[in-house]
Amino acid sequence: MKKVDILIVGAGPGGMSAAQYGARAGYSTLVLDPMGPGGQLLYIDAIENYPGLGETSGYLLSEAMEKQCASFGVEMDYGAVSSISKEGNLFVSQTDIGEVESKAVILATGASHRHLGVKGEEEYRGKGVSYCATCDGPFFRGKKVVVAGGGDTALTDALYLSKLCSTVTIVHRREEFRAQKALQDKIAKVGNISTVMGRNIVEIKGDGSSVKEVVLDGGETIEADGVFVFIGTVPNSSLVERIAKTENGFVVTDDSMETTLPGLFASGDVRNTTFRQVVTAASDGAKAAHGADEYIRKNNL
């Protein structure tokens, strides 16, 4: 059995921030993530609002965070965690690298993309339906695409796609975008981006091998070679069941990021919060590590 002071599940910005603070406080810190360092950062083409950096890419920011973790002695592994249980004052986690015993655990498992749930979506997933613009955008160079959503991610990725695609049509079910005004202003200035407000996509049609059009409520169709879906996320919180969560599954924490199970903390998109950004995930991670430090000291672990 591997023994560490702090186990962090997830290597996104929340997890890597927690790892840095944990290691700098003198704790042996292990980060496990089957996808490796980065998390959702790896899917962000441009970040321009992370304090002190100016414009950068998600990949470069992730790389910098990973190097910083290594410099503090953080151990990272690609193993997945299948279960977490508390035995006395210690946690025992079942992982791909064997059992891991820890004094505290920080969940930084993030969230997965929410699906439209309409006819044709699953049929054409990977054949024109995508949930990642930076991953799949280059395949639609010079083509027509539809973006579903109205938040920061939808508009940010629409801007990215507009540099590659001939046309980008944003379809949003509400009459107003939820995204930051700065993003809305940018969208309004791009000539090949159009918007369809107050409408829902009800079907995605194709020829069996690729997407050809989307159908809106009311029967109107939009010609499209691809559909990019950015309508929110579902928290990856099923790893631990006996803790307080919202109706949507987001983990409830106190101000120190501690869950209702003492010694178990959460940070980033898996947590119940009103604003999900790279900088807020990093902040959560720092507070979670600080909370873990206080928990370990208080219980003389």
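Modeller: One term to begin with: accessible areas here come from the Shrake-Rupley method with a 1.4 Å probe. The model is predicted. On that basis the accessible surface of the protein chain is about 14100 Å², and carbon and sulfur atoms hold 47% of that surface.

Biologist: How much of the chain is buried?
Modeller: Buried residues account for 48% of the 301 residues.

Biologist: And how many helices and strands?
Modeller: The protein chain contains six helices and 17 strands. Its radius of gyration is 21 Å, close to the 19 Å from the globule rule for 301 residues, so the chain is as compact as a globular protein of that length.

Biologist: What does the C-alpha trace span along its principal axes?
Modeller: About 65 × 40 × 30 Å.

Biologist: Switching to charges, how many positive and negative side chains?
Modeller: There are 30 positive and 38 negative ones, with the centres of the two sets 2 Å apart.

Biologist: What about aromatic pairs, how many are there?
Modeller: The count is three. In one of them, phenylalanine 140 and phenylalanine 228 sit edge-to-face, 5.5 Å centre to centre, with 75 degrees between the planes.

Biologist: Where in the chain are those two?
Modeller: Phenylalanine 140 is in the loop between helix H3 and strand S9, while phenylalanine 228 is in strand S15, 88 residues apart.

Biologist: Are they buried or exposed?
Modeller: Phenylalanine 140 and phenylalanine 228 are both buried.

Biologist: Which residues do ring pairs link into a cluster?
Modeller: Phe140, Phe228 and Phe230.

Notes
Residues are numbered from 1 along each chain as its sequence is written. This is a predicted model: local features need pLDDT of at least 70, side-chain atom pairs count only at pLDDT 80 or more; totals for chains, interfaces and linings use all residues. Side-chain values use heavy atoms; hydrogens and water are left out. Helices (H or I, at least four residues) and strands (E, at least two) are DSSP runs, numbered from the N terminus. The radius of gyration is taken over C-alpha atoms; the globule rule is 2.2 Å times the number of residues to the power 0.38. Buried means under 20% relative accessible area, exposed over 50%, partly exposed in between (1.4 Å probe, protein chains only). Lys and Arg count as positive and Asp and Glu as negative; His and the chain ends are not counted. The place of a charge is taken as NZ of Lys, CZ of Arg, CG of Asp or CD of Glu. Rings of Phe, Tyr and Trp (its six-membered ring) pair if their centres lie within 6.5 Å; planes under 30 degrees apart count as stacked, over 60 as edge-to-face and the rest as tilted.
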